[in-house]
Amino acid sequence: MIGGGIAYFLGWHATYIFLFLLGSFVLISMWKWLPETCPPASEKRNMLSAYYSLLSNPTFDAYLVILIGGLAGVVVFESSSGVLLGGVLGL
């Protein structure tokens, strides 16, 4: 709604200026006021062992399967909707 109002009153170029200013404000705010939440690493681990410990976690595996399934559904919908709407329904 904000972008529509800006485009209506100031033109479509102004929406990109607004997005640039908003993004700059968010970036500077995060850099200035958002503290680091990652604790310093106490030990250096091998990358393969880190991936093994991550992929052997059943909770992570379940979330990964759900994520892949959801994104696959979106891809199937997007790739078939043009054919269905255009060829089958004639829209």
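This is a predicted model: local features need pLDDT of at least 70, side-chain atom pairs count only at pLDDT 80 or more; totals for chains, interfaces and linings use all residues.
Visitor: What does the protein average in pLDDT?
Guide: The average is 89. Of the residues, 100% score at least 70.

Visitor: Which element has the lowest mean pLDDT, and which the highest?
Guide: Helix H3, residues 47-55, has the lowest at 88. H2 has the highest at 96.

Visitor: Switching to the surface. Which residues make the nonpolar patch?
Guide: Ile-2, Trp-12, Tyr-16, Phe-18, Leu-19, Leu-22, Phe-25, Val-26, Met-30 and Leu-34. The patch covers about 1100 Å².

Visitor: Which helix gives the most to it?
Guide: Helix H2, residues 12-33, with eight residues.

Visitor: Where is Tyr-16, then?
Guide: Tyr-16 sits in helix H2.

Visitor: And why does Tyr-16 count as exposed?
Guide: Its relative accessibility is 55%, and exposed means over 50%.

Visitor: New topic. How many aromatic pairs are in the whole structure?
Guide: A search finds two. Tyr-8 and Phe-9 form an edge-to-face pair, 5.0 Å centre to centre with 85 degrees between the planes. Trp-12 and Tyr-16 also pair, with ring centres 6.0 Å apart.

Visitor: Why is the pair of Trp-12 and Tyr-16 edge-to-face?
Guide: The planes of Trp-12 and Tyr-16 are at 85 degrees, and over 60 counts as edge-to-face.

Visitor: How far apart are those two along helix H2?
Guide: Trp-12 and Tyr-16 are four residues apart, so about one helical turn separates them.

Key. Residues are numbered from 1 along each chain as its sequence is written. Side-chain values use heavy atoms; hydrogens and water are left out. Patches are made of residues with over 30% relative accessible area and no salt bridge: like charges are joined within 9 Å, nonpolar side chains (Val, Leu, Ile, Met, Phe, Trp, Tyr) within 5 Å. Accessible areas come from the Shrake-Rupley method with a 1.4 Å probe; for residues, only the protein chains shown count as cover. A salt bridge is a side-chain nitrogen of Lys or Arg within 4 Å of a carboxyl oxygen of Asp or Glu. Buried means under 20% relative accessible area, exposed over 50%, partly exposed in between (1.4 Å probe, protein chains only). pLDDT is the predictor's confidence in each residue, from 0 to 100. Rings of Phe, Tyr and Trp (its six-membered ring) pair if their centres lie within 6.5 Å; planes under 30 degrees apart count as stacked, over 60 as edge-to-face and the rest as tilted.
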